[in-house]
Amino acid sequence: ALRVSAVAEADKTAAINKSGTSSVPATTKDIENKLRYLFGRNEVSTPNDAYQGTAWSVRERLIDAFNKTHEHWKKEDPKFIYYLSAEFLMGRSLTNTVFNLGLQGDYATALKELGQKMEQVAEAERDAALGNGGLGRLAACFLDSMATLDLPGWGYGIRYKYGMFKQALKDGYQQELPDIWLTSGNPWEVRRDDVRHMVGFGGRVERRREAGGREVAVWTPAEQVIAQAYDNPIPGYSTPTTSNLRLWDALPLSEFDLAAFNAGDYDRAMLARERAEAISAVLYPNDSTPEGKELRLKQQYFFVCASLQDVLSRFKATHGSARWDLLPSKAVFQLNDTHPTIAVAELMRLLVDVEGLEWDEAWGITTKCLNYTNHTVMPEALEKWPVKVMAKMLPRHMEIIEVINEGWTQWLSAHLASELPAPEERAKRIAAMSIIHENPWNKEEMLVNMAYLAVVGSSAVNGVAAIHSNIVKDEIFNDFYKIFPSKFQNKTNGVTPRRWLAWCNPELADLITQQLGSDAWINDTEQLTALRTHASDPAFQQRWAAVKSAKKERLAGLIKRVWGEEVNTAALFDIQIKRIHEYKRQYLNVLSIIWRYKQLKRMSPQQRLQAVPRVCVIGGKAASAYDMAKRIIRLVTAVGSVINADPDTRDYLRLYFLPDYNVSLAETIIPAAELSQHISTAGTEASGTSNMKFALNGCLIIGTWDGANIEIAEETGVENVFVFGVRAEDINGLRKERKNFKTDPRWDEIMRDIEGGMFGDKEYFKPLVDSVNNMKVGNDWFLLANDFAAYLDAQQQVDECYRDQAEWLRRSIMYTAGSGKFSSDRTIRQYAEDIWHVGPCRPPPAAGGQQ
Ligand code: 6GP
């Protein structure tokens, strides 16, 4: 069996890797050689040197595994799943690759010989931040699980030159800086010069009659770019399978042609180059609120067009071009939210215009191959493109969407005839379900509703937690659900237990492995339930607590590096990390911290001795154009500077904003957390996935009855979770009544404090205060006031529970024990069985290997 701890492994002289051999001296030499011949450096003197040498060395093992897997898959020709996503939030790769490949013994020992520590070396890597938040990180967890489960499957996306912006604080305000992540090369990708596809935009569509009399549409784009493939091997854990994330880079059509065509017009030639490269230049930094910019549609079409051509060309190479009827048995596509929805029209175009299929046959194939996952209920995130924009950029696709919509609305009209015999009523319903509809804010403008296109063009539509899938059925797509009830499914999200426990918290993983007698839980998290029987065992609790303490020390070190202040590691570590959004209610958290501060101030020094000390941490990025979210960040830093400087209270309460929240920071913060906050207004957070990561690491949750919190509470025991607040089914009524709601006097007091300048920046905070109090302006749409008192009560219960450390530790163990369901392995198995109908295809073990 593979062991978890790098530290323990490093001490073994004969380390075991996937090929069953020990090769430490060779590994040391290899690291040195990589550094010497790729970077011209003769000595491994810094962690960065060691990182580069190690990564380029590991890369070769990874590519070997990748090649073996793909040789096998080519031979077997299994059905493939293609996960189309505009975002993949991968984070760092070194530790994950070394551990998933079972090479930790070799590399930890080799690095030790070079005077380096694996953990520090790993920190020299920059995050691959090609995603915003939950949706992108979920895609990354899914790739890990697909490979681990030996499912033939690839991710397809965009190789953004600049990923998610880096967040800095300037005087407590968010600043966005470019994420320049590719400057020192990327050892985790392989450029495929032989894999390129042309992608066109704009131009015109003409009709031509073919020899047999068939009329064909011929699209002549005005602009063409090349999609250049980069493969990012994805190693499964404890299996020889290494799959692939193929990302596309946009290049000008031809450097040579460009030079010749534009001879004497160098500037114009360069402009064309920039125009092409702009397509894959930068990730839109929005989370749950996409921006309706043309460049974004261009990005979407760019990667979808390249990916579909890529899949179809491989299919043709194997099955020829006469058996398109077999395509659904060989390829299934998952649309990660609406971002890749243009795939519906593009697959139709490729099948009808390029491959010459009849419309109806192509439609049958298209709808069998595609499936759609919805990730948010935020109405502003349901993408709609103006028909004008679409027609200009993708004229043939606009035609295709019109034909699809004609067929759809005609079908609807017949289908609804008996249910809605009155023509006006029927017309109304059809208008409400039409893929192309009027912009409700601007009657002049027609829009393409991408979510409707995805629902009509897919076999299955799913939400990402039980409550969310019900909202999808009963609210967002209710008209569609009533017609196609069996199309709608739930697939509760999950996270990979490799990155989110085994590799980021090896101490806790080792303790669990010791207690359970094996590390088989890493691939079978249901085994964690066996920890329940030890939850009240004082000896086990002590060891559990010791791990948490060590992790808290580490986070305290990070706070010290960022803020220059020491924190009390015996205090309760209370964390809220996620994108900053009004619906996620970081603001509510701050209000409760202010209330705690005021209470502490009022106490005598003697009374304070009884208080439970807390270190509160908030982290997350605000979309650059999201003004209110930026004000919330400033409120956090402003309140933090007052509280942290107050000699009366600083031993009992701290608040720190940790800048530049990303995957790697999460890997440090989550193992150290004792309480985590998931306090969205009920019915607004589709699922949440950090809640699962915290629970897995034995962190208690304070949260609303929302998203996956509900299922976590069910698994953990609802009595172990600090649940508060209004329920989703009451939200609409409460929103209507909010103007008559009588706010809590404590709420009023805090609002006066903020308005009165207790934390400075009065003017800047005014819109924040108004957004929850002034019924004319903000309406308190997310019902902070309604939940405020219940939230303070729940916080009180947290304090009481923390005073009883045995009880707290019991609960902590119960969270890990109850996390079995939230492995992305379980989620992916369900997708594979219920939606994809794809089975495992494992390559033979490497020669001499043990798997
Ligand atoms: C997020 C949801 O907000 C989050 O609740 C969920 O856990 C995650 O997706 C994964 O399903 N949505 C997005 O990040 C997003 O951009 C369009 O939705």
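1. The model discussed here is a predicted one.

2. Asp660 deserves attention for its backbone. Its phi is near 60 degrees, a positive value in a residue other than glycine. A residue is buried if 20 or more other C-beta atoms lie within 10 Å of its own. Asp660 has 20 C-beta neighbours inside 10 Å and therefore counts as buried.

3. The buried residues of H26 are Val663, Ala666, Glu667, Ile669, Ile670, Pro671 and Ala672.

4. Lys693 lies in helix H27, residues 690-696. Lys693 is classed as buried because 30 other C-beta atoms lie within 10 Å.

5. Arg585, which is not glycine, has a phi near 60 degrees. The loop that holds Arg585 runs between strand S19 (572-577) and helix H23 (586-602). With 26 other C-beta atoms within 10 Å, Arg585 is buried.

6. The remaining points concern helix packing. Two packed helices are described by the angle between their axes and the distance between the axes. For helix H22 (residues 538-563) and helix H33 (residues 805-817), the angle is about 80 degrees and the axes are 10 Å apart. H22 and H33 are therefore roughly perpendicular to each other. In this contact, Gln541, Trp544 and Ala545 of H22 meet Ala806, Leu809, Ser812 and Ile813 of H33. The contact of H22 with H33 comprises 5 nonpolar and 2 polar residues, with no charged residues.

7. How do the axes of H10 and H12 cross? Helix H10 (residues 294-319) and helix H12 (residues 343-354) have axes that come within 10 Å and cross at roughly 45 degrees. H10 is therefore oblique to H12. The crossing of H10 past H12 is right-handed. On the H10 side the contact involves Val304, Cys305, Leu308, Gln309 and Leu312, which meet Ala343, Glu346, Leu347 and Leu350 of H12. By class, the contact of H10 with H12 has 7 nonpolar, 1 polar and 1 charged residues.

8. Another pair is formed by helix H15 (residues 395-416) and helix H16 (residues 423-433), whose axes come within 10 Å and cross at roughly 140 degrees. Angles over 145 degrees count as roughly antiparallel. H15 and H16 are therefore oblique to each other. H15 passes H16 in a right-handed crossing. Thr409, Leu412, Ser413 and Leu416 of H15 make the contact with Arg426, Arg429, Ile430 and Met433 of H16. The residues in the contact of H15 with H16 are 4 nonpolar, 2 polar and 2 charged.

Technical notes. Residues numbered from 1 in each chain as written. Predicted model: local features only at pLDDT ≥ 70, side-chain atom pairs only at ≥ 80, totals over all residues. Axes fitted to C-alpha atoms, helices over the stretch in contact; angles between N-to-C directions. Helix = DSSP H or I, 4+ residues; strand = E, 2+ residues; numbered from the N terminus. Parallel < 35°, antiparallel > 145°, perpendicular 65-115°, else oblique. Left-handed = near helix turned anticlockwise from the far one by under 90°. Contact = placed C-beta atoms within 7 Å. Nonpolar A, V, L, I, M, F, W, Y, C, P; charged D, E, K, R; others polar. Buried ≥ 20, exposed ≤ 12 C-beta atoms within 10 Å, placed from the backbone.
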